Amino acid sequence: MAFKRNLLFALAAIAVLGAAIASYALAQRPAAPDAMFTMLDGRQLRLADLRGKTVAVMFWATSCPICKGEMPDLVETYRKYQPRGFELIAVAMAYDSPEQVKNFAKSGGLPFPVVLDTGGDLARAFSDTKVVPTTFLIDGSGKFVSRTLGAIDFTKLRQYLDASLGA
Amino acid sequence: MIKLKHAALAAIQILMLQAGVALAAEEPLPPDQAFKLKVSLRGPNTVIAEFTPAKGHYLYKNKTFFALKNSSGVLIREVRLPPGEVKNDPFFGTMETYKKPIQVEIVLDSTPKAKRLTLLANYQGCNEKIGVCYPPQQKSFDLAFP
């Protein structure tokens with residue numbers, strides 16, 4: 001009985017300490033920049049207007065095979081989770097050719113906003129991104145959750161979206 | 001009791017997730033370290049460009065090209081790129097890549113009056129381990145004829 005009670009206290013202590021550290025860690029995460037995205041069709045999208053949604057900002061280039069390789073999974077994830085509060089913005093790097101980006105977005109039937117980072121301001125604002133693909137995940141409060149270099153682990157992303165967006 | 005256990009496990013899980021996010025990012029090398037490049041003149045009409053990709057990195061053969069600027073009396077006659085390793089890409093088809101150090105011979109046509117040249121080397125590559133690609137690189141090299 002005493003053992004059980006001690007175990008209970010130990011678990012309670014771990015839970016309280018864990019939750020405290022976790023909430024501290026969550027609070028320490030930096031806020032995403034107040035970026036303005038200009039989509040291929042000229043419409044503008046402000047990151048701050050997407051508060052309440054989980055947002056992925058993916059930097060990519062048409063010259064990057066890995067980026068193109070993950071597009072089908074991105075399309076599928078977007079179609080599934082966008083109605084539940086997920087938004088995805090695909091930012092083509094400044095060195096990419098606008099024509100090639102437009103052609104790829106059209107031929108690939110990309111359903112999410114595609115943005116040209118003319119001048120490279122967005123890449124600079126997002127941790128001075130140089131290599132692609134680099135994907136930032138931002139929570140509903142506008143804070144960074146993660147930065148992924150290279151291909152996204154879609155199992156983990158879907159787990160996170162299932163947990164954060166609810167049913 | 002069971003609820004507490006779950007709470008404790010959830011707290012530990014969140015902590016591990018946080019640690020995972022913090023530790024996950026392996027930073028890529030700066031481009032100059034990822035793809036080292038040395039350029040030198042060999043004889044009166046040949047420039048040698050030596051590329052050394054860092055371990056786990058590769059360059060694209062078809063994105064490696066050269067140009068001249070401020071090089072009065074000098075023209076590039078031929079660029080001899082060695083054969084690369086063939087890579088099949090679902091989007092780009094068959095591509096040749098360089099994972100190991102290579103030497104590129106750039107054969108010049110120059111008039112006797114030509115004194116110097118500026119070679120612009122363009123190249124682009126990726127880090128295979130992290131799975132990221134670098135922006136196109138352009139480096140400028142000033143060379144003087146002996």
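Helices (H or I, at least four residues) and strands (E, at least two) are DSSP runs, numbered from the N terminus. With that settled, I read chain A from its N terminus and noted the order α-β-β-β-α-α-β-α-β-α-β-β-α.

**Housekeeping.** I am working with a predicted model, where local features need pLDDT of at least 70, side-chain atom pairs count only at pLDDT 80 or more, and totals for chains, interfaces and linings use all residues. Residues are numbered from 1 along each chain as its sequence is written, while chains are lettered from A and ligands numbered from 1 in the order in which they are written.

**Chain A overall.** I looked up burial next: a residue is buried if 20 or more other C-beta atoms lie within 10 Å of its own, exposed if 12 or fewer, and partly exposed in between, with C-beta atoms placed from the backbone. Of the 167 residues in chain A, 32% are buried. For contacts I required C-beta atoms, placed from the backbone, within 7 Å. Among chain A contacts with a separation of 6 or more, 74% link residues 24 or more positions apart.

**Helix α3(A).** Which residues of α3 (71-81) are buried? I found A:M71, A:L74, A:T77 and A:Y81. They lie on the same side of α3(A), because they cover an arc of only 125° around the axis (the arc is that of the directions from the helix axis to the C-beta atoms). On the face turned away from that buried side I found A:P72, A:E76 and A:R79 exposed. The cover over the buried residues includes α2 (65-69), β4 (86-92) and α6 (154-165) of chain A.

**The sheet in chain A.** I count two strands as paired if DSSP finds at least two bridges between them. An open sheet of five strands runs β5-β4-β3-β6-β7 in chain A, with mixed pairing. β5 (114-116) and β7 (144-149) of chain A each have a single partner strand, so one side of each has no neighbour in the sheet. Inside this sheet I checked β3 (54-60) of chain A, which runs parallel to β4(A) and is joined to it by seven bridges. A:V57 has A:I89 in β4(A) as its bridge partner.

**The sheet in chain B.** Here I found an open sheet of four strands, ordered β1-β2-β8-β5, with antiparallel pairing. Its edge strands are β1 (35-42) and β5 (74-80) of chain B, each pairing on one side only. β1(B) and β2 (46-53) of chain B pair in the antiparallel sense over eight bridges. Opposite B:V39 I noted B:A49 in β2(B).

Definitions and conventions. Two residues are in contact if their C-beta atoms, placed from the backbone, lie within 7 Å.
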